Amino acid sequence: MSGTHFGFDTLKVRGGYNPRDHNYAVSVPIYQTASFELGDTDRVERLLRFDEEGYLYTRMGNPTVTVLEKRVAALDGGSGAIAVASGMAAITYTLFSVAEGGGRILTTPHLYGGTVDSFKRIYPRFGVGIDLVEDPNDPEAFRRGITPETRAIFIESISNPNATLLDIRQIANVAHENSIPLIVDNTFATPYLLNPLKHGADIVVYSATKALGGHGNVIGGVIVEGGTFDWANGKFPQFTEPHFLLRDDAGQERSFLELAPQSPFTLRVRLTYLIYFGAVLSPFDAYLLLQGIETLSERVQKQVATTEKIVRYLEKNEAVAWVSHPAAKESPYRDLAEKYFPKGAGSTFTFGFNGTDQQLDIFINSVKLFSYQANVGDSRSLIINPPKTTHGELTPEELDVAGIPPETIRLSLGLEDPNDLIADLAQAFTKASCEVA
Ligand SMILES: *Cc1c(COP(=O)(O)O)cnc(C)c1O
């Protein structure tokens, strides 16, 4: 089941899976096997020539993982997808795929901390350069930031941790005018709140660890491709050159574009980065992610509704200096939220604690229901102080550019009763204000 005629909620429970192909099992089976019988020598020839679809070894592909890939591709309207072992692997494999061999990535300062660290300290060692736009709110700044070596623009659709937004369509236009793809980290939004491909993005990456899986029990990542970007435009010879793994019957090497015109990007990630760098998702973890996705809409709807309530509560609290979520009354992103996020702009955001550093620590140490931890998108509500944890490797100047002052607290709202969450925050605010006074 994968046709485009089914609605989102049908695809999220059935997409990419036909029970007839799996002994009529209703729940997607876990193919917990490292390897697959090859059958006979003729069959292995056909598999290696891509004349027959099948499985050889779980590092190259696994039936449980395939269902996850097809399901997420269906939810995002993609032509192909590939699952990997983490969100970081999804980002790195994607960006190396476009910029390997001396390319550059144009991006913004509003990114997940691990992404910022790897961009600054790891990517340059592999010959991939990173450029930051001066003003992410100005699409023209993206145009000015592009160099002859730029191979992609990379943005987060809802940024970590401040839930800032961007004009995705206009940034996609800038990318396409320069013959490069727009790559979007859609982790906070999930395919339920936003399908970036429908707004001009070419590739979407996810940390499936977060709201996609939604239960805080798996590390995983997914890459989805749109299937419309022109990889033959001269800037990306890696897609048009003959490749040693793609030999035909006559032993002639073919290109990724020749073999998979609809999904050359994900095939290339599979046959270069996934099989040789090896961050493969396990069948069991794919199964847990599939289970999580079955309730994606229901979970995210409730979390967005709770977010609305908590934002209202924080806005009228004197111990709160500011609230950074597009649903906040003072948010500069209300128009963009209306345009791109009619169902809500996610349930992870920040607020400024109005008090001393010591009071902030007391506040964090006093919450009882919120879990103090680094994850987001869990079914449980989470709290953290990003300047000292998730974004702790940033210098004071970088924190300033990223919009993460020392008083920043991040919340990720789960599925508990919102009144209990508000009561928990209220008692922690009270403790923080009393103990110092
Ligand atoms: C967590 C996160 C990542 C990294 O994902 P992992 O699954 O932890 O590797 C990437 N991008 C965003 C926006 C994230 O929140």
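Colleague: Where is alanine 163 found?

Modeller: This is a predicted model, in which local features need pLDDT of at least 70, side-chain atom pairs count only at pLDDT 80 or more, and totals for chains, interfaces and linings use all residues. Residues are numbered from 1 along each chain as its sequence is written, and side-chain values use heavy atoms, with hydrogens and water left out. Helices (H or I, at least four residues) and strands (E, at least two) are DSSP runs, numbered from the N terminus. On that numbering, alanine 163 is in the loop between β4 and α7.

Colleague: What value is phi of alanine 163 near?

Modeller: Alanine 163 is a residue other than glycine, and its phi is positive. The value is near 55°.

Colleague: What is omega of the peptide bond that joins asparagine 160 and proline 161?

Modeller: Proline 161 is placed in the loop between β4 (150-156) and α7 (168-177). The bond joining asparagine 160 to proline 161 is cis. Its omega is about 5°.

Colleague: Which element gives the largest share of the shell around the ligand?

Modeller: The shell holds 14 residues (each with a heavy atom within 4 Å of the ligand), and the closest are Gly87, Asp185, Ser207, Thr209 and Lys210. Four are nonpolar (Ala, Val, Leu, Ile, Met, Phe, Trp, Tyr, Cys and Pro), three are charged (Asp, Glu, Lys and Arg), and seven are polar (the others, Gly among them). The largest share, three residues, comes from residues 87-99, which form helix α4.

Colleague: How much of the ligand's accessible area does the protein cover?

Modeller: For polar contacts (pairs of N or O atoms within 3.5 Å), a ligand oxygen is 2.8 Å from a polar backbone atom of glycine 87, and a ligand nitrogen is 2.7 Å from a polar side-chain atom of aspartate 185. An N or O atom in the side chain of lysine 210 is 2.8 Å from a ligand oxygen. On its own the ligand has 380 Å² of accessible area (Shrake-Rupley method, 1.4 Å probe).

Colleague: In which pocket does the ligand sit?

Modeller: On a 1 Å grid over the protein atoms alone, a pocket is an open set of points with protein on both sides within 12 Å along at least five of seven lines, a cavity is a set where a 1.4 Å probe fits but cannot get out, and lining residues have an atom within 4 Å of a point. A molecule sits in one if more than half of its atoms lie within 2 Å of its grid points. By that rule, the ligand sits in the second largest pocket.

Colleague: How much space lies in the second largest pocket?

Modeller: Its lining has 27 residues, with Met88, Tyr112, Asn160, Ser207 and Lys210 nearest the centre. A volume is the space filled by probe spheres set on the grid points, which are joined across faces, edges and corners. For this pocket the space is about 360 Å³.

Colleague: Which element supplies the largest share of the lining of the largest cavity?

Modeller: The search finds four cavities of 30 Å³ or more, and about 100 Å³ lies in the largest cavity. Among its 15 lining residues, Phe188, Ala211, Gly346, Ser347 and Thr348 are closest to the centre. The largest share, three residues, comes from α12.

How values were computed:
A polar contact is a pair of N or O atoms within 3.5 Å; within protein, one must be able to donate a hydrogen and the other to accept it, and residues adjacent in sequence count only if both atoms are side-chain atoms.
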